[in-house]
Amino acid sequence: MISSPYKNLKINNMNSLYIVLCISLTVYSCGLFESDDPGFSSEKIYVTKQGDDEIAVINLSDGTIDTILIDYSATNCMVILDGEECGNAGCMWHEMGGGEMCMSMSNSTINGPHFTAIDNTNRYLFVTSMESGWVGRYNLDNHQLIDKEMVGNMPALMVLNTDKEKLYVSSMMSMVASGGGMQSRTDISVIDYSDDFDMVMTNNIETSSPSPHAIAINQNGSEVFVATYEGNWLFKISTSLNSVIASKPLETFTMDKTLPVTRLKPVQCTHTQDSLLFISCEGGEWTSGASTDTIPGQIQMWDTNKMTLVDTLQFSEFSRPWHIVSSAVSKEIYVVLKGQFNAGLYPDSDGVACVSYESGYLQLKWHIINDVFRYLHGIDISDDGTRLFVSGETDTNLYEINAEDGTIINTTLLGIEGVSKLQGVTYSPN
Amino acid sequence: MIFKIILLANLLIFTISCNKTNNSVDSKYTDPIKYYKDYWPNESGNLDSTEMAIHDFASASECFDCHGQYFAEWSKSRHAHSFDDPIFQKGWNEAQIDFPDTGERFCIQCHAPIAFVTGENDIYDVMKEGVTCTFCHSFTGFGETVNANDQIVANAIYKLNPGENTMYGPIEDPDDNPYHNSEYSRLFSRSDMCLPCHDFTIGGIEAEITFTEWNIATAGGMSETNSCQSCHMPFRNGRHEHDFIGVDIDLTKPIDHIDSQYLKVDSLLKTSVELSFVFDTNMTELMNNDTLTIPISVKSRIHHSLPSGTSFAREAWIEIKVLQNNSVVFSSGNLGNNTSDLNLNDPALLLFTSNILSSNNDTLSSIPNTQYYFPQLLPALTTKDWTYLFIDDGGILDNSNPIDISVRMLFRPFKPAILRNINPPELLDNLPIFEMARIDTTYIIP
């Protein structure tokens, strides 16, 4: 006889067989062990919530949402007596009145997670925290923080070389403060994460051009491409040499790469296996010296072998092309059109667009708009190329979109409108 | 029987559990906690209903005992005088005449926001405090740009949670106190706090869009580092200053060059632009035949346009004086006194301002009747090049003596014409001119 937890219930062996059978049927059929099934989906989407210091993890198989808190406890800078250690801890070494001391860089513990990158091979999740200057490494399976590395001055986008376990980090753009203070960076940071517990920033690759923000890496990891938001230039970097090996202005207008001309304003780029680089450029009204101009938001297609501009696709001056992603299975790229803050005055200028380069030049395949969209920001694509995932910075939604025709499949609210500030989106197949 | 029940229960569990395999991603976050009290304006901008009452907002005087320094700064600020300011009062009266149904609420939605969100028509003391302590420190969410239609219907969106004895602010670990609860809010470090009153359009015209200007200049407001607060509520001596320094000073009092408000405005303006001559150190090309060429450059160092906000009321301009033997041989933007008008017919005048016109093309001094807008601003973080040409066809210049060139960028918060028709008349007398930048050089004609 089996004792039952149910009061006054006694059952015999035959009946217990029924129960075991039923439970087994339920457990098996409901897929509680489906992770052993090669057909089982455990896709996840990681969305940074810059305004909440969180990352939302959406499990597509069951719709559940987990949260990773980005909380790098404030370091007590003043107890650090060594200049190098001070910098490594995310503090600033100050010379004051003949003495030196280590001081905090800010008065707050805001981190501002902006972008995530995933190494599926080694099972890591990386996060840039642009307000605090840290890059964090997390275990992709349990989302526990492994370690963090101080990059300083607003780390932004990232690309990975998973074979060599290197992380390339760009910086935020156009942050020259009035009255002095923080200046735009001209370099990108290289972090070696081959050690299981301790990432190390090994290099800063100098471009001499302000605000290297847009960043992409080629298929074999030998070259990184960077476009400067203020400098208006494109750079090809050898990852073995850790230095720039080729550079070109994004337009003939800007021949001096060091000047902060801030004209086309490249935001992000993506590299495809046919040695093509696609750069999203914000554009907009431009004023300098005695000149004014209106620059359409645009996508540029570059041949990265020759470092030549192949084609340009223009959107409206108010469209502000933002994050961009390429399909691994078709000759298509997808770009978020951020639009204007006061969207009501600029109807139809924002949305999501699919651009084909099948014919060798850029051709708009579809462009969707929606009254719900408010300041779209990040985008990524599923491995099979069928679904896009787009974040709304102000509307705070994650949109799942059919990549074939732009139909919105699902909308998931991830926070509080206007407050949570959704940014980068990263797809993980498992 | 029991087994049938168990079997059915299992099947029920099976059915429920298996729903997840439908790959539904319906939101688990569809109902964020509502931390704010609502209100519902009607088609005239009056409230049909509101969850807020006047007693939800305490007077700033109640904050004084514990927050004396903040109170002292705020009480001199333009936020504290947004309602009792005589220039606002004149504009408010005019709006009520021109728009009897909507004009009253339209103006107070920002200038006496407590009156707006509570729907009160009586003037309570706390309303006269304008943008007061308990209004801002009740913010639990962000508003949006105010897009006014031609009938100027008030529609500002505030997300506030007053009357719950909780003050929200940017201190991450506030000390307990016996008077109110304190709650940390990230919102207070973001520029979005300044919505909706500092981002405003009328009839589709982007007439006062300081937030939008900032948003564009900072690549979509990406960072909190360059927020409004970082310049206008700077963090000094362990706290955020609360005098909300901008470009305005109290015009009801004579100019006091050592008053803290004057000094802070002066200091802020001096960090806002850079002036430079655009010629080489030898200045070899300045004099060509009988023409003296003086190229200059003005570089903005701020994250919104110059001027911004009510730019139609402001003037920033270049004053240039070219002297030889202590006599002015050429000038532009040179005023006799603070209340003189600029010579708008001077083709050499480099002036940053804007103009708003009515449907009859009359120049306006307040926003409600705006039909046309002509911005002439220096956009954020941009440079403006300008070249002065002095043709010495009268043979004034003497080749044997040096030429002194003095260039200043000047600013005044009001065009004198706006103040001439406003009581009390001393407002005009008290109008300051601030020097934002100055460069000088001496040129010897080769």
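In this note, helices (DSSP runs of H or I, at least four residues) and strands (runs of E, at least two) are numbered from the N terminus. The model is predicted: local features need pLDDT of at least 70, side-chain atom pairs count only at pLDDT 80 or more, and totals for chains, interfaces and linings use all residues. Residues are numbered from 1 along each chain as its sequence is written, while chains are lettered from A and ligands numbered from 1 in the order in which they are written.

1. Cis peptide bonds in chain B. Most peptide bonds are trans. The bond between B:Leu306 and B:Pro307 is cis, with omega about -15°. B:Pro307 sits in the loop between β14 (291-300) and β15 (315-324) of chain B. The bond from B:Leu195 to B:Pro196 is cis too, and its omega is near -5°. B:Pro196 belongs to the loop between β7 (181-184) and β8 (200-202) of chain B.

2. Confidence in chain A. pLDDT is the predictor's confidence in each residue, from 0 to 100. Chain A has a mean pLDDT of 87, and 84% of its residues reach 70 or more. Residues 1-14 of chain A have pLDDT below 50; this stretch makes nine contacts in the model beyond near neighbours in sequence. Residues 19-38 of chain A also have pLDDT below 50, with 21 contacts beyond near neighbours in sequence. Two residues are in contact if their C-beta atoms, placed from the backbone, lie within 7 Å.

3. A helix pair in chain B. Two packed helices are described by the angle between their axes and the distance between the axes. Here the axes of α3 (residues 86-98) and α4 (residues 103-111) of chain B come within 7 Å and cross at roughly 150°. Axes are lines fitted to C-alpha atoms, for helices over the stretch in contact, and angles run from 0 to 180 degrees between N-to-C directions. Therefore α3(B) and α4(B) are roughly antiparallel to each other. The scale is this: under 35 degrees is roughly parallel, over 145 roughly antiparallel, 65 to 115 roughly perpendicular, and the rest oblique.

4. What the helices bring together. From α3(B) come B:Phe88, B:Gly91, B:Trp92, B:Ala95, B:Gln96 and B:Asp98. They meet B:Gly103, B:Glu104, B:Phe106, B:Cys107 and B:His111 of α4(B). These contact residues divide into five nonpolar, four polar and two charged. Ala, Val, Leu, Ile, Met, Phe, Trp, Tyr, Cys and Pro count as nonpolar, Asp, Glu, Lys and Arg as charged, and the others, Gly among them, as polar.

5. Two domains in chain B. Chain B is divided into domain 1 (39-202) and domain 2 (260-443); the bounds come from an automatic or database domain assignment. Their C-alpha centres lie 35 Å apart. Domain 1 of chain B gives 14 residues to the contact and domain 2 of chain B gives eleven. On the domain 1 side, α3 and α4 of chain B each supply at least two residues. The largest share of that side, seven residues, is from α3(B). That side of domain 1 of chain B divides into seven nonpolar, three polar and four charged residues.

6. One sheet in chain A. Four strands form an open, antiparallel sheet in the order β8-β9-β10-β11 of chain A. Strands pair if DSSP finds at least two bridges between them. β8 (113-119) and β11 (145-150) of chain A are at the edges with a single partner strand each, so one side of each has no neighbour in the sheet. Neighbouring strands are turned by 20° on average, direction ignored. Six bridges join β8(A) to β9 (residues 124-129) of chain A. A:Phe115 has A:Thr128 as its bridge partner in β9(A). In the loop between β10 (134-139) and β11 of chain A lies A:His143. Its phi is positive, near 65°, in a residue other than glycine.

7. Another sheet in chain A. The order is β26-β27-β28-β29 of chain A, in an open sheet with antiparallel pairing. β26 (321-326) and β29 (363-368) of chain A are the edge strands, each pairing on one side only. Six bridges link β27 (residues 332-337) and β28 (residues 351-356) of chain A. A:Val336 stands opposite A:Val352 in β28(A).

8. A hairpin in chain A. β22 (residues 284-288) and β23 (residues 291-295) of chain A pair antiparallel over five bridges. A:Thr287 stands opposite A:Thr292 in β23(A). Two residues lie between the strands, and A:Gly289 in this hairpin takes a positive phi near 60°.
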